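Hi,

Here is the structure I promised to pass on.

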Amino acid sequence: METRTEINSLGEFGLIQRINKGIKTVLPDTVRGIGDDAAVIDLGEEYGLLTSDMLLEGIHFDLTFFPLKHLGYKIIAVNVSDIAAMNGVPRQVTVNLALSNRFSVEAVDELYDGMKAACKDFSVDLVGGDTTSSRSGLLVSVSVFGKVKKEKVVYRNTAKPNDLLCVTGDLGGAYMGLQLLEREKQVFLANPDMQPELEGKDYVIQRQLRPEARMDVIYELDEAGVIPTSMIDVSDGLASDLLHICAQSGVGAVVFEERLPIDEQTFLAASELNIGPVTAALNGGEDYELLFTVSQASYELIKNNPKISFIGYITDKKGEVELHTKADSRVPITAQGWS
Ligand code: ADP
Ligand code: MG
């Protein structure tokens, strides 16, 4: 009898692992395949980087509150973020689009206005793609090609014990922005005359609707002469992404709760919605900040960069990833991620 395994019994990461097991790369210029933020390709002088990400209506965004222009910006930014996570520079993108007749030409223009703005901000060229019809929703998928000098590429699996754990910007904002937008949608559906209550919440809303890729920090690290020892972008939440670094590097980590960078507006939104701000920071996701490790020798070179928080360190205790709380207890950090 044929067996049937439900996809949710594996989850996203289990499924990718299973796909990965069945794939062997054979070309001599394929330096790194599945398993990092981008694939790495030997171009001779330097490495090429290649990655894609898609956003699907009803899964990743809800058009009742997600402006198409922002969606266009976001799909480019999240792709560029994966190139940043390899310490690389993005160069070209291609765009795949599936649309139903619910969408007008003007709607497509808006989507592209957002993509063009992001291409300008991150200095990338949009060079192609594919367009097809969809039965219902909108799907937009982008692939990005980037470059990195061979000696500067940074992987997920090279964190070393005693390295310092760093994160850019602040965490949990995008998740709180989404919770607020969802709440306002429910209020609006119940009573269309209600005005949205989003005053003073502009920052977290923007974190959800218009995330930035941290190319600025990549350039600043380069200027400071610092190459991280490992790096990943925070797309699924700090917990899940730190667990990737630790599992792939065969190390453990300690994170100090009091060091987690959380914006004032994230705190306020979290208390308003009865969500723990630390939970939002650890498991929220979609922040598109960079999580990286540096050797202790690098600390002096970046300690004054206000965009970087030093949140903990790497240990040799493989698989032990712990949060040291403000109350001085130690709790294991576990992944929630996508299911
Ligand atoms: P990220 O969050 O950085 O975009 P993902 O968690 O989506 O990374 O993917 C992890 C790794 O698995 C990447 O190397 C990605 O290219 C690869 N991957 C994801 N989905 C597939 C798939 N359907 N087939 C082959 N490789 C995949
Ligand atoms: Mg990534």
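Below is what turned up, going from the whole chain down to single residues.

A word on the ground rules first. This is a predicted model, so local features need pLDDT of at least 70 and side-chain atom pairs count only at pLDDT 80 or more, while totals for chains, interfaces and linings use all residues. Residues are numbered from 1 along each chain as its sequence is written, chains are lettered from A and ligands numbered from 1 in the order in which they are written, and side-chain values use heavy atoms, with hydrogens and water left out.

**The whole chain**

The protein chain has ten helices and 13 strands (DSSP runs numbered from the N terminus: H or I of at least four residues for helices, E of at least two for strands). Its radius of gyration is 20 Å, close to the 20 Å that the globule rule gives for 339 residues, so the chain is as compact as a globular protein of that length. That radius is taken over C-alpha atoms, and the rule is 2.2 Å times the number of residues to the power 0.38. Along its principal axes the C-alpha trace spans about 55 × 55 × 50 Å.

Of the 339 residues, 45% are buried. Buried means under 20% relative accessible area, exposed means over 50%, and partly exposed is in between (1.4 Å probe, protein chains only). Taking contacts between residues at least 6 apart in sequence, 83% join residues at least 24 apart; a contact here is heavy atoms within 4.5 Å.

**The magnesium site**

Which residues hold the magnesium ion (ligand 2)? Its protein donors are D37, D82 and D233, each through OD, at 1.9 to 2.0 Å. Donors are N, O and S atoms within 2.8 Å of the metal (3.2 Å for Na, K and Ca), and since water is not among the atoms, sites may look incomplete. In sequence the spacing reads D-x44-D-x150-D. D37 sits in the loop between β1 (30–32) and β2 (39–42) and D233 in strand β8 (residues 230–234), so this pair ties together parts that are 196 residues apart in sequence. Both D37 and D233 are buried.

**Helix α3**

Helix α3 (residues 105–121) has 17 residues and should span 24 Å at 1.5 Å a residue, which agrees with the 24 Å between its end C-alpha atoms. (The expected span is 1.5 Å times one less than the number of residues.) Its buried residues are A107, L111, G114, M115, A118 and C119. Seen down the axis they fall within an arc of 140 degrees, so they line one face of the helix; the arc is that of the directions from the helix axis to the C-beta atoms. The cover over these residues includes α2 (68–84), β4 (89–99) and β5 (125–133). On the other side of α3, V105, E106, K116 and K120 are exposed. Just after the helix, S123 takes a positive phi of about 55 degrees.

**Salt bridges**

The count comes to 20 salt bridges, taking one as a side-chain nitrogen of Lys or Arg within 4 Å of a carboxyl oxygen of Asp or Glu. Three of them:

- D42 pairs with K150, the closest N and O atoms being 3.0 Å apart. D42 is in strand β2 and K150 in the loop between β6 (139–148) and β7 (164–168), so the pair ties together parts 108 residues apart in sequence. D42 is partly exposed at 27% relative accessible area, and K150 is partly exposed at 29%.
- E289 meets R207 at 2.8 Å, N to O. The pair links strand β10 (residues 289–294) with helix α5 (residues 202–209), 82 residues apart. E289 is buried at 1% relative accessibility, and R207 is buried at 9%.
- E300 pairs with K303 at 2.9 Å between the closest N and O atoms. Here E300 is exposed at 53%, whereas K303 is partly exposed at 35%.

R207 and E289 also belong to a salt-bridge network with R214, D216, E220 and K307.

**Two single residues**

S240 lies in helix α7 (residues 238–249) and is buried, with a relative accessible area of 3%. Beyond its neighbours within four places in sequence, S240 is in contact with F13 and A335.

K201 is in the loop between α4 (173–190) and α5. Is K201 buried or exposed? At 13% relative accessibility, K201 counts as buried. Leaving aside neighbours within four places in sequence, K201 contacts L180, R183, Q265 and E272.

Cheers
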